[in-house]
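Thank you all for coming. I would like to walk through one model with you this morning, so please have the sequence and the structure open while I talk.

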Amino acid sequence: MTLEKRDYARMFDLTGRKAVVTGGSRGIGRALAEALAAHGADVAIVVRSTVDRAEALADEFRAAGRDSFVIKADVADPADVTRMAEEVDARWGLCDILINNAGIVLPGNAEDYPFQSWRETMSVNLDGVFLVSQAIGRMMIRQKSGSIINIGSMSGRIVNWPFRHAAYNVSKAGLHMLTKCLATEWAEHGIRVNALAPGYIRTELTDEVLREHPDVVANHWAKGAVMDRIGSVDELAGSVVYLASDAASFTTGEIHTVDGGLTLR
């Protein structure tokens, strides 16, 4: 008796898969969109304002033979999300991969934090993930398959310091629980739902902090991790490709932390 030889390389192949990435024009979202396209996926890039950057990225994907297009939509607006899902359905008739990446950070001390800022944070970081997952989830339920990956944060597990952003932390903790709830409810439909929880990652946003508060990056962010540094967007790409692919066919409801060991201590 001979055992069947498994093609492990093809387990990570996303050729022909249809992926939607919110907030996919820059930073972490852009890197994740590029990673999916590099492994063969067609990619729809959803942005609220950075349409020109998203179109330039879609042009790159199309030049590489992928079907890619841009949808301008606010993930916190139910009508926009409905329209977004309708555009995806009209173009592809299905969606295999959803990356809920769109998010905002509005720092401030809790004692005088504007309620409007609290609500805005929740509306994008938590309500938006629910709305987009619900809209695309209906498509996945119809096709009896799909992988949803929510971009959470180590901030959903710890209180970041020295900056104050309770609203952001709470929104990411809620996103982690939403991930587990959707994974439980939708497993019967063949849908996997996981979250990626990055640590401190070098992006345009963290570059601003680096310029204004280099001591915070060096003495708090980098030294907080056992690897003594912050990460790069490229170091998140493999995790998302794994979670989106058949290699993760038995993985759901997980919060996959990539933080250089910061939450170990």
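This is a predicted model: local features need pLDDT of at least 70, side-chain atom pairs count only at pLDDT 80 or more; totals for chains, interfaces and linings use all residues.

If you ask which elements give two or more residues to the lining, they are helix 1, residues 27-38, strand 2, residues 42-47, helix 5, residues 166-186, and helix 6, residues 204-212. Helix 6 contributes the most, with 6 residues. Sorted by class, the lining is made up of 20 nonpolar, 17 polar and 7 charged residues.

Let me turn now to the way the helices pack.

In the pair of helix 3, residues 78-92, and helix 4, residues 115-143, the axes come within 9 Å and cross at roughly 30°. Angles under 35 degrees count as roughly parallel, and that makes helix 3 roughly parallel to helix 4. The crossing of these two helices is right-handed. From helix 3 the contact takes Pro78, Val81, Met84, Ala85, Val88 and Asp89, while helix 4 supplies Leu131, Val132, Ala135, Ile136, Met139 and Arg142. By class, this contact of helix 3 with helix 4 has 10 nonpolar residues, no polar ones and 2 charged ones.

Helix 4 also packs with helix 5, at an angle of about 15° and with the axes 8 Å apart. These two helices are therefore roughly parallel to each other, and their crossing is right-handed. Among the residues that meet here are Trp118, Met122, Leu126, Phe130 and Ile141 in helix 4, and Tyr168, Leu175, Leu178, Leu182 and Trp186 in helix 5. The contact of helix 4 with helix 5 has 14 nonpolar, 7 polar and 1 charged residues. Helix 5, you will recall, is also one of the elements that give two or more residues to the lining of the largest pocket.

Helix 6 brings Thr206, Val209, Leu210, Arg211 and Glu212 to the contact, and helix 7 brings Pro214, Val217 and Trp221. Those residues divide into 5 nonpolar, 1 polar and 2 charged.

Finally, please look at two places in the backbone. Lys144 has a positive phi of about 65°, although it is not a glycine, and this residue lies in the loop between helix 4 and strand 5, residues 146-151. Asp228, which is not a glycine either, has a positive phi of about 60°, and Asp228 sits in the loop between helix 7 and strand 8, residues 231-232.

Key: Residues are numbered from 1 along each chain as its sequence is written. Side-chain values use heavy atoms; hydrogens and water are left out. Helices (H or I, at least four residues) and strands (E, at least two) are DSSP runs, numbered from the N terminus. Ala, Val, Leu, Ile, Met, Phe, Trp, Tyr, Cys and Pro count as nonpolar, Asp, Glu, Lys and Arg as charged, and the others, Gly among them, as polar. Axes are lines fitted to C-alpha atoms, for helices over the stretch in contact, and angles run from 0 to 180 degrees between N-to-C directions. Angles under 35 degrees count as roughly parallel, over 145 as roughly antiparallel, 65 to 115 as roughly perpendicular and the rest as oblique. A crossing is left-handed if the near helix is turned anticlockwise from the far one by less than a right angle, and right-handed if clockwise. Contact means heavy atoms within 4.5 Å.
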